[in-house]
Amino acid sequence: VLITKPEIRIIRVTEEADRLIEEAARGCYSSEISPTDEKRAQFIASLKRRKHLSPFEHASATFQLKNVSRALTHQLVRHRLASFSQQSQRYTEPEVFSYVVPPRVNEDEIARELFMRHRDFTMQAYDMLRQRRGILKEDARFLLPNATPAEIVFTANFRQLLYMIQLRTEASAQWEIRRVFEIIHDMMSDHYPSIFGSRDISTVSA
Ligand SMILES: Cc1cc2nc3c(=O)[nH]c(=O)nc-3n(C[C@H](O)[C@H](O)[C@H](O)COP(=O)(O)OP(=O)(O)OC[C@H]3O[C@@H](n4cnc5c(N)ncnc54)[C@H](O)[C@@H]3O)c2cc1C
């Protein structure tokens with residue numbers, strides 16, 4: 001099976017995060033909580049504009065990603081201020097040998113065929129190591145490529161999440177991680193438009 005789409009789910013997100021962020025920031029100025037959602041949105045926008053970003057660290061979101069490549073998770077875990085739990089290749093083995101396929105490979109018949117042949121060979125070699133040679137999963141996994149699907153749960157506070165969205169949705173970001181963060185950005189914008197709504201979050205520095 002060639003996988004063309006990631007599966008992304010929000011496991012948890014801080015409730016009333018906009019209120020929490022405002023309360024944290026208001027404490028700094030000993031000022032009153034906004035009387036309306038509109039005023040709160042304006043206040044949150046002003047925090048971002050002035051780069052008063054520590055209040056955004058009090059809220060967080062946890063995501064589950066499936067059907068992403070091992071190449072993607074390798075990039076993701078470079079974000080040192082987020083927390084991760086990744087499916088182990090030492091304790092689990094591929095049930096079905098699926099590969100995550102880049103769109104440019106999928107659209108090219110010959111490239112796709114080469115991908116499938118690589119997958120078939122890898123599957124056979126992996127099975128032979130495991131079944132015939134008694135090789136442990138932790139060693140057989142050395143055969144698995146960047147295209148191997150991975151499952152990962154990550155948590156980031158909103159300051160870090162804004163930064164990750166900004167960095168990973170830029171045109172220079174690699175296509176798979178860019179697509180994942182575009183989806184994450186849409187999801188978070190639905191939850192908290194006043195925090196994540198604007199696509200222009202370039203004022204945020206982590
Ligand atoms: C387009 C692109 C290409 C890339 N190419 C490569 C590549 O070829 N090779 C490669 O190895 N990596 C590459 N990376 C990964 C990149 O170098 C970072 O490791 C990754 O993006 C994580 O970002 P970060 O370090 O800014 O942030 P995070 O680890 O998410 O940390 C957030 C912020 O906290 C601060 N921070 C965290 N830790 C420290 C610290 N120790 N010292 C000072 N400040 C800190 C920084 O301000 C940082 O921006 C690439 C990333 C992108 C987006």
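These are my notebook entries on what I looked up in this predicted model.

**Ground rules.** I number residues from 1 along each chain as its sequence is written, and my side-chain values use heavy atoms, with hydrogens and water left out. As the model is predicted, local features need pLDDT of at least 70 and side-chain atom pairs count only at pLDDT 80 or more, while totals for chains, interfaces and linings use all residues.

Entry 1: I found β3 mostly covered, with 7 of its 10 residues buried. Here buried means under 20% relative accessible area, exposed over 50%, and partly exposed in between, with a 1.4 Å probe and protein chains only.

**Entry 2: salt bridges.** I counted 8 salt bridges in the structure; the term means a side-chain nitrogen of Lys or Arg within 4 Å of a carboxyl oxygen of Asp or Glu. I looked at E22 and R26 in helix α1 (residues 17-29), which are 4 residues apart, about one turn of the helix. Their closest N and O atoms are 2.8 Å apart, and both residues are buried.

Next came R40 and D37, whose closest N and O atoms are 3.8 Å apart. They sit 3 residues apart in helix α2 (residues 37-49), so about one helical turn separates them.

I then turned to E93 and R130, which meet in a salt bridge at 2.6 Å, N to O. E93 lies in the loop between β4 (83-86) and β5 (99-100) and R130 in helix α5, so the pair ties together parts that are 37 residues apart in sequence. E93 counts as partly exposed, at 33% relative accessibility. I also noted that salt bridges with shared partners join E22, R26, D37 and R40 into one network.

**Entry 3: positive phi.** Most residues other than glycine have a negative phi, and most peptide bonds are trans. I wrote down E16, where phi is positive, near 45°. E16 is in the loop between β2 and α1 and counts as exposed at 55% relative accessibility. K51 also has a positive phi, about 60°, although it is not a glycine. I found K51 in the loop between α2 and β3, where it counts as partly exposed at 46% relative accessibility.

**Entry 4: E182.** I placed E182 in helix α8 (residues 175-191); it is partly exposed, with a relative accessible area of 31%. How far is E182 from Y126? The two are 56 residues apart in sequence and 34 Å apart in space, C-alpha to C-alpha.

How values were computed
Helices (H or I, at least four residues) and strands (E, at least two) are DSSP runs, numbered from the N terminus.
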